Number of protein chains: 2
Amino acid sequence: MTTAKMATVTTRGISILLVDDHPVVRQGYRRVLEHQDDFRVVAEADNAANAYRAFKSHAPDVVVMDISMPGASGLEAIRNIRARDADARVLVFSMHSEAAQVKAAFGAGASGFVTKGSEPAELIAAIRSVARGEHAMSDDVARVLALESLVPTKSALDQLGEREIEILRQFAAGSTKEQIAANLNLSTKTVQNYHYLIKAKTGMRTDAQLVRLAVECGLANL
Amino acid sequence: MTTAKMATVTTRGISILLVDDHPVVRQGYRRVLEHQDDFRVVAEADNAANAYRAFKSHAPDVVVMDISMPGASGLEAIRNIRARDADARVLVFSMHSEAAQVKAAFGAGASGFVTKGSEPAELIAAIRSVARGEHAMSDDVARVLALESLVPTKSALDQLGEREIEILRQFAAGSTKEQIAANLNLSTKTVQNYHYLIKAKTGMRTDAQLVRLAVECGLANL
DNA sequence: TGCAGGTCGGGAAATTTGCCCGACCAAACT
DNA sequence: AGTTTGGTCGGGCAAATTTCCCGACCTGCA
């Protein structure tokens, strides 16, 4: 119960949990990481559920995670891990660098974001950064985010279309799917599909999270 | 002299432990409180566990605590503190003034309840009151409680039991039913049943309405 | 002209909900 | 002591919903 998590980093190096659904990729990067003598890969996982289990049993200093995995989203795994331990460091290691995905990752509680196209040195440096409690991202990710912040963009909601926004608004306001369908002259099925789509796009897993997001973005007033 | 504990107060002023998860808020009120020359902020804490630790090592005359903190409930911290020292004075300093929350705080052993919307003078006066062993609450809290005692079941939440409240809190915070079940060592089925029961009791139809209710009642902070 | 993407809904398996039930336990009442 | 009440916990099962796939339409845009 009272797990005093202190700085074991300095005494035993940085313990790492590797999460990626592709074993070869895991192996390859495991070797790269273990070449650093202050890194220890203490566990691996090939999906979100196993990642959470491994985190519980190993309590690694840093979780290096690919978020594009089959089944449950990697974002979910991040949220689960962070829900269990608010001090957990998760470094996302992704194939892509879309602003929306980066933002979703940080929104889920990630401490860093490095693309697989980056140099190993960049990943290694990022791991050291997040282990120290800092935030880190590779140069290409930073560039995308910087560009994206200059242009319009207000929130995680601008990845949603007009219709999706409206449905989210009514949903967060407390309307039933049937009511929304009636209001917008849609079939209930379509509203259900939108609901699913919105959750997928925003990376929210729970209706409650969706409502909070809507409120935070000023879509719904409390 | 027969007043052993009183003596320390008069000779060294009132020692205070500040508990709030928001550092800026802590800083701000620390400055306000230390402007009173008979006040001494001897420690700060940003969560329930640290609050208890700090109380043990500093034994302050008054604990000023925000109970809407992440992780373990502030109520639990109050109970822990009071269990260790039945003479402990805890002044709850909350964002909200729901009758249910106020009652829960006093039920847990709080000596006072002041909302963050109150004037600094009101907080200062309340601290002096509870330091003298009296009970104190800000005017708006008193009004809510008075109203609530005249009209039965004002808040929709006091028809809920301890367990139901906790489940609603976690649900509104965005947790999955599985996560809640894991946190509370229950079966998923039981959590589902509670979810249904809570909606039935509160008359909410939608999960979104439930979240809004929880936030409005100060159960969940956005 | 073609293609990307928002909108709209069907289909089907997997999961959850809605509502019922019984069991246990502690406190309060008779 | 016996009983009623009420909170907690979970099983069961039909009905509803979610999840994720798919195709179709329309519009803007290269």
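These legends go with close-up views of a predicted model.

**View 1. The protein surface around DNA strand C.**
Let's start at the DNA. Altogether, 18 residues surround DNA strand C, and the closest of them are A:R163, A:K189, A:T190, A:Y194 and B:K177.

**View 2. Side chains reaching DNA strand C.**
Zoom in on a few side chains here. In chain A, an N or O atom in the side chain of A:K189 is 2.2 Å from a base oxygen of DNA strand C. A:Y194 meets another part of the DNA: one of its polar side-chain atoms lies 3.5 Å from a phosphate oxygen.

Now for some empty space inside the protein. Rolling a probe the size of a water molecule over the atoms shows where such space is left. At least two lining residues come from each of β1 (14-19), α2 (23-34) and β3 (62-65) of chain A, and α2(A) gives the most, with 3 residues. The lining holds 7 nonpolar and 3 charged residues, but no polar ones.

**View 3. The second largest cavity, in chain B.**
Over to chain B. The second largest cavity has a volume of about 50 Å³. Its lining has 10 residues, and those closest to the centre are B:L18, B:V19, B:D20, B:V64 and B:F93. Here β1 (14-19), α2 (23-34) and β3 (62-65) of chain B each provide at least two lining residues. Which element gives the most? That is α2(B), with 3 residues. By class, this lining splits into 7 nonpolar and 3 charged residues, with no polar ones.

**View 4. The largest nonpolar core.**
In soluble globular proteins, nonpolar side chains tend to be buried together. The largest such core here has 36 residues, and A:L168 and B:L168 have the most contacts inside it. Both chains take part: α8, α9, α10 and α11 of chain A and of chain B each supply at least two residues. The largest share, 6 residues, comes from α11(A). Apart from this core lies another one of 25 residues, including A:A88, A:V102, A:A110 and A:V141.

**View 5. Two asparagines with a positive phi.**
Most residues other than glycine have a negative phi. A:N185 is not a glycine, yet it has a positive phi of about 55°. You'll find A:N185 in the loop between α9 and α10 of chain A. Is A:N185 buried or exposed? With a relative accessible area of 71%, A:N185 is exposed. In chain B, B:N185 also has a positive phi of about 55°, and B:N185 sits in the loop between α9 and α10 of that chain. B:N185 counts as exposed too, because its relative accessibility is 70% and the cut-off for exposed is over 50%.

Conventions
Residues are numbered from 1 along each chain as its sequence is written. Chains are lettered from A and ligands numbered from 1 in the order in which they are written. This is a predicted model: local features need pLDDT of at least 70, side-chain atom pairs count only at pLDDT 80 or more; totals for chains, interfaces and linings use all residues. Side-chain values use heavy atoms; hydrogens and water are left out. A residue is near a molecule or strand if one of its heavy atoms lies within 4 Å of it. A polar contact is a pair of N or O atoms within 3.5 Å; within protein, one must be able to donate a hydrogen and the other to accept it, and residues adjacent in sequence count only if both atoms are side-chain atoms. Helices (H or I, at least four residues) and strands (E, at least two) are DSSP runs, numbered from the N terminus. Ala, Val, Leu, Ile, Met, Phe, Trp, Tyr, Cys and Pro count as nonpolar, Asp, Glu, Lys and Arg as charged, and the others, Gly among them, as polar. On a 1 Å grid over the protein atoms alone, a cavity is a set of points where a 1.4 Å probe fits but cannot get out, and a pocket is an open set with protein on both sides within 12 Å along at least five of seven lines; lining residues have an atom within 4 Å of a point. Grid points are joined across faces, edges and corners, and a volume is the space filled by probe spheres set on the points. A nonpolar core is a set of buried Ala, Val, Leu, Ile, Met, Phe, Trp, Tyr and Cys residues joined through side-chain atoms within 4.5 Å. Buried means under 20% relative accessible area, exposed over 50%, partly exposed in between (1.4 Å probe, protein chains only).
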